[in-house]
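Please read them with the coordinates open.

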Amino acid sequence: MYLRRTPKYEEELVDVKQESEQHLQLLDDACEQPRVVLHSAAGKRRFSPVWEHFEQLSPEKVKCLVCFKVLSYNNNTSTMLRHFRVLHGNEETNQVEPGSAEKVDLAELLVDMVIEDSQLFSLVDGSGFKKLMKALAPSNVVPTRQTLKAMVEKRYKETKDKTKAIVAKASACSLTSDMWTSINTDDAYLAVTCHFIDETTSLQSVVLGVQHFPEAHTAANMASMKTSLMSEWGISEKVTCLVTDGAANMEACARELHMCHTICVAHTLNLLIKKALEQCPELFHIRTNCRKIVGYFKSSTTAKERLTQMQVQMGFPVLKLIQEVDTRWNSTYLMLQRMYTLREPVGAALAGLRTDLTALSAKQYRIIADCLKVLEPFNYATIELSEEKKVSGSKVIPLLSMLHHSLEEEEIRLLQTPESTSMVEFLQRQLREKLDNLQSMSIMFLATLLDPRFKKLGFFSPNKAAEAEKRLTMECAAIMRRTASSSTSSSSSSEPSQSVGGRKLWHHFDTSIHQARTTNVTANATVEVQKYLGAPNIPRVESPLQYWESQKYTLPILYKLAISYLCTPASSVPCERVFSKAGEILCKKRNRLSPKTLEKILFLNKNE
């Protein structure tokens with residue numbers, strides 16, 4: 001059964017075509033520029049400007065005239081538009097196609113969301129997401145998973161090029177490094193972050209790489225990968241220090257690289273406090289009981305509700321108990337602190353529940369109170385030394401000195417429990433040992449001396465401060481000497497060559513000039529160092545980098561040294577933050593994510 005084309009029907013069809021042509025002509029006249037109208041082989045009108053960049057090969061295939069890639073064609077331009085926007089820019093299509101600017105903005109925002117929120121590429125395949133996009137922007141073409149991945153790849157290349165250009169301008173930098181193994185894929189990764197002070201005298205941190213590490217975790221293998229990264233980024237001759245944890249392979253890696261190495265102070269404090277907590281049997285017993293109580297209230301809904309009721313009835317703010325984590329000593333501090341704060345509600349809740357657990361005794365709470373007084377300054381120090389956006393390496397010696405002084409305060413000396421007294425004595429011995437080691441490391445004591453907040457007052461030992469001043473003067477003189485010799489070489493090269501006899505004739509005079517210049521260099525270095533040290537210290541809350549920005553022409557040589565030494569972080573926490581984000585990205589839903597793609601997403605997440 002079909003409709004027959006009668007003569008009358010043919011006449012009506014001609015009229016419709018003529019009327020359509022008249023309407024199109026009116027539209028053309030209304031526009032400032034004539035429409036771009038392309039025709040296919042079948043005579044179909046094409047209004048999209050994207051056809052200027054594509055050629056139709058067959059009813060199902062088109063070819064890009066820029067990169068000559070062949071794409072599928074299904075009577076719409078969505079695939080061609082997406083291809084052209086991602087790979088060849090979108091300036092021309094934005095100018096002509098209605099709503100195309102909105103599409104580009106949404107596509108870039110979609111890439112931002114994937115990077116910043118650790119979203120899956122398959123997000124765009126979800127029916128709910130497609131409904132949302134259709135409601136928000138009906139004219140927008142939702143990219144496929146493969147297109148989204150290509151857009152992330154493009155963003156990665158652009159961001160890496162920009163970051164390389166910034167790092168290339170740095171005169172000196174320091175590195176932090178750490179290893180991580182995913183619990184979802186069992187893959188190991190090595191992260192390296194770079195810290196430097198830029199042209200505006202601001203502290204900058206960038207991730208150089210988070211590379212898949214399938215090899216054995218030997219010092220040689222890690223050194224090889226770090227050498228490759230430093231060469232790729234062009235910083236092989238600029239690195240002043242490598243900061244890692246105290247693992248034996250990390251220390252051996254630094255020796256393999258012939259690089260100055262410091263151990264993360266946050267790890268050092270963590271090990272020190274853990275030893276102090278474990279060397280007291282009674283305190284170990286208290287921690288064990290606290291862990292059991294916290295675990296009971298967290299696992300039992302009835303117990304949790306009972307504790308909340310007791311807090312409300314007693315007028316306490318409703319708080320949750322905190323469980324300690326073996327790898328973080330301050331989690332133990334927070335657990336004991338919360339247990340002591342809620343000791344009355346916890347005791348009342350346990351009394352009304354059917355459990356074998358008993359509340360801590362009054363004596364045990366006294367021990368906890370004394371230990372919290374001892375450990376409170378260490379908790380604040382750990383937080384302060386883990387800062388990434390502020391100068392922290394120069395704080396290490398002053399902060400440890402202040403911790404030692406805090407253990408000698410009257411409040412600490414009046415502690416009554418033998419457990420807290422024993423802890424104080426242990427911590428004092430350990431801090432003295434750590435301070436002696438740190439005050440002997442040039443990278444640490446020069447950073448402290450060049451920090452205008454601390455200078456010589458930041459040292460635990462006055463003798464070490466005097467040694468640091470002498471070393472700083474020598475470093476300053478060495479830079480002046482190199483500058484003078486380079487200027488002498490350039491001036492002598494411009495002078496006419498002399499005969500051997502002429503050089504002998506002037507040898508004594510030239511030697512005298514050289515000796516006088518050397519003496520002057522040492523004197524000038526001493527003057528610049530004394531001028532800096534003689535000025536009053538800036539307030540502790542002010543930025544040392546702002547100070548050096550204001551003194552870059554007054555104290556030019558010390559400014560160069562400050563740029564080199566103040567970029568060293570106190571800890572390797574920046575790398576640990578990278579791996580915290582890696583754990584979110586490489587989750588159970590993304591356990592098939594390739595290591596290369598994970599590296600790129602982490603790079604973008606931390607560097608954009």
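1. In which kind of crossing does α10 pass α13? The crossing is left-handed. This is a predicted model, and that applies to every point below.

2. Start with the geometry of that pair. Helix α10 covers residues 281-299 and helix α13 covers residues 343-351. Their axes lie 12 Å apart, and the packing angle is about 65 degrees. The two helices are therefore roughly perpendicular to each other.

3. α10 brings I293, Y296 and F297. α13 answers with V346, A349 and L350. By class, the contact has six nonpolar residues, with no polar and no charged ones.

4. α10 also packs on helix α14, residues 362-385. Here the angle is about 105 degrees and the axes are 11 Å apart. That makes α10 roughly perpendicular to α14. On the α10 side, the residues are E282, L283, H285, I286, N289 and C290. On the α14 side, they are Q364, I367, I368 and C371. The class make-up is six nonpolar, three polar and one charged.

5. How much of helix α18 is buried? Seven of its eight residues are, so α18 (residues 442-449) is largely enclosed by the rest of the structure. The buried set is I443, M444, F445, L446, A447, T448 and L449.

6. Look next at M225, which sits in helix α7, residues 219-233. Is M225 buried or exposed? Its relative accessible area is 14%. The cut-off for buried is under 20%, so M225 counts as buried. Leaving aside residues up to four places away in sequence, M225 touches L190, Q211, H212, F213 and E215. Take F213 from that list. F213 and M225 are twelve residues apart along the chain, and their C-alpha atoms are separated by 8.9 Å.

7. Helix α8 spans residues 248-257. Its buried residues include M250, A252 and C253, along with A254 and L257.

8. The chain has 608 residues, and 45% of them count as buried. Consider contacts between residues at least 6 apart in sequence. Of these, 66% join residues at least 24 apart.

9. Last, confidence. The mean pLDDT of the protein chain is 81. A value of 70 or more is reached by 80% of the residues. Where does pLDDT stay under 50? One such stretch is residues 30-45, for which the model has 22 contacts beyond four places in sequence. Residues 90-104 also have pLDDT below 50. That stretch has 25 contacts in the model beyond near neighbours in sequence.

Conventions
Residues numbered from 1 in each chain as written. Predicted model: local features only at pLDDT ≥ 70, side-chain atom pairs only at ≥ 80, totals over all residues. Heavy atoms only, no water. pLDDT = per-residue confidence, 0-100. Contact = heavy atoms within 4.5 Å. Axes fitted to C-alpha atoms, helices over the stretch in contact; angles between N-to-C directions. Helix = DSSP H or I, 4+ residues; strand = E, 2+ residues; numbered from the N terminus. Parallel < 35°, antiparallel > 145°, perpendicular 65-115°, else oblique. Left-handed = near helix turned anticlockwise from the far one by under 90°. Nonpolar A, V, L, I, M, F, W, Y, C, P; charged D, E, K, R; others polar. Buried < 20%, exposed > 50% of the residue type's maximum accessible area, 1.4 Å probe, protein only.
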